[in-house]
Amino acid sequence: MMTFRRPKILPFAVALAVTASLSLTGCSSMQDAVSASPTISSVWGIGEMPIADLNALYANEESQWMDINGMRIHYRDEGNPNGQPIVLVHGILSSLHTWDEWHKGLTADYRIISLDVPGFGLTGGPENPDDYSETLLHSSFQQFVAQLQLDDFILVGNSLGGYISAQYAANNPGKIKKLILIDPAGAPQELPFLLSFASMPGINSLAANVFPPFIVAMGVKDVYGDPERITKANMDRYIHLSLRPGAKQAYANTIAMLAEKNDRHAPLNFSSITAPTLLMWGEKDIWVPATLSEQWLANISGSTLITYPKAGHVPMEEIPQQTLQDALTFIDLK
């Protein structure tokens, strides 16, 4: 089990962050941060947005809450209640809203369940940050599925959500009808620059307390193959949710967790997955490069791969119609 001590902020680190931010005031990411941030302090990654304000913006009439491991998991259970259940699991720094366009194409025929993974979205992290771990993520998802009493369902995960989904499918082979992994994390790799930088001990301690939104904006632009496809609504949402109370600590812990996992160079261990598996990958993904798909194809027997030449790390958000059609074709295969 990996756990992390709550970092202590150093005065010089705050000064460093402010200086770095000031040097970037002319860049587009800083402009995005200024546009989305509600206060001056939040522009510099120090202030926060009240959870009530975030709920007003990003919860809706379909939002529900489930108590698991001392956290209130935000999720939505919508669509056709008699349809085949499909569970959607988002990735790092994201939220269930990343599936919004897929929802529109699925809700008529399928029961669609999406959640904010612990540490992200409107869920937040555990009360004690030291409790945040990979074990907590897997345990929370296991309990989430159990409380919903799901069996024989389709599971879809992106990035960190892909890793969580693959782990669940490997441990519960009888419950998954089909598995779709979109640019999944989990194979040994070099971390992308932003995550590698944020995982450095001194910087990681800083990020737990000061996480400027311009860094979030830079990250969003990193994960798109074509940044011109990013809508203002999507960019604002990523920035707003990074200002949720406790988000900075959760983001820092997740980055440290991924860095520690990569340092172990542990190979994939999902050969027990028996569900038909589709891998979907953006060829312009610089966070989890498409070359890593070879390890997944070799590890999961019978898995297949579709790549997208002009998409990045979140193709279901960047090119939703094309990826949704490919997903539906795979789901409909007998």
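Visitor: In which helix does Asn299 have its place?

Guide: In this predicted model, Asn299 belongs to helix H13, which spans residues 293-299.

Visitor: Why does Asn299 count as buried?

Guide: The relative accessibility of Asn299 is 16%. Buried means under 20%, so Asn299 is placed in that class.

Visitor: What makes the approach of Asn299 to the backbone nitrogen of Phe270 a polar contact?

Guide: A polar atom of the Asn299 side chain lies 2.6 Å from the backbone nitrogen of Phe270. The cut-off for such a pair of N or O atoms is 3.5 Å, and 2.6 Å is within it. Leaving aside residues up to four places away in sequence, Asn299 touches Leu268, Asn269, Phe270 and Ser271.

Visitor: How do you know that Lys104 and Glu101 form a salt bridge?

Guide: Their closest N and O atoms are 2.9 Å apart. The criterion asks for a Lys or Arg side-chain nitrogen within 4 Å of a carboxyl oxygen of Asp or Glu, so the pair of Lys104 and Glu101 qualifies. Both residues lie in helix H5 (residues 100-106), three residues apart, about one turn of the helix. The structure holds six salt bridges.

Visitor: Which exposure classes do Lys104 and Glu101 fall into, and why?

Guide: Lys104 has 62% relative accessibility and counts as exposed, because the limit for that class is over 50%. Glu101, at 30%, counts as partly exposed, since this value falls between the limits of 20% and 50%.

Visitor: Why is helix H11 described as mostly covered?

Guide: Nine of the 11 residues in H11 (residues 232-242) are buried. Among them are Met235, Tyr238 and Ile239. Asp236 is also buried, because its relative accessible area of 14% is under the 20% limit. The side chain of Asp236 meets that of Lys232 in a salt bridge of 2.7 Å, N to O. Lys232 and Asp236 both lie in H11, four residues apart, about one turn of the helix.

Visitor: What is the relative direction of helices H4 and H11, and how do you know?

Guide: The axes of H4 (residues 51-58) and H11 come within 10 Å and cross at roughly 155 degrees. Angles over 145 degrees count as roughly antiparallel, so H4 is roughly antiparallel to H11. The crossing is left-handed. Leu54, Leu57 and Tyr58 of H4 make the contact with Asp236, Arg237, His240 and Leu241 of H11.

Visitor: Why is Pro129 called buried?

Guide: Pro129 has 15% relative accessibility; the class requires under 20%, so Pro129 counts as buried. Pro129 is found in the loop between strand S4 (111-115) and helix H6 (134-147). The C-alpha atoms of Pro129 and Ala250 are separated by 7.4 Å, although these residues are 121 residues apart along the chain.

How values were computed
Residues are numbered from 1 along each chain as its sequence is written. This is a predicted model: local features need pLDDT of at least 70, side-chain atom pairs count only at pLDDT 80 or more; totals for chains, interfaces and linings use all residues. Side-chain values use heavy atoms; hydrogens and water are left out. Buried means under 20% relative accessible area, exposed over 50%, partly exposed in between (1.4 Å probe, protein chains only). Helices (H or I, at least four residues) and strands (E, at least two) are DSSP runs, numbered from the N terminus. A polar contact is a pair of N or O atoms within 3.5 Å; within protein, one must be able to donate a hydrogen and the other to accept it, and residues adjacent in sequence count only if both atoms are side-chain atoms. Contact means heavy atoms within 4.5 Å. Axes are lines fitted to C-alpha atoms, for helices over the stretch in contact, and angles run from 0 to 180 degrees between N-to-C directions. Angles under 35 degrees count as roughly parallel, over 145 as roughly antiparallel, 65 to 115 as roughly perpendicular and the rest as oblique. A crossing is left-handed if the near helix is turned anticlockwise from the far one by less than a right angle, and right-handed if clockwise.
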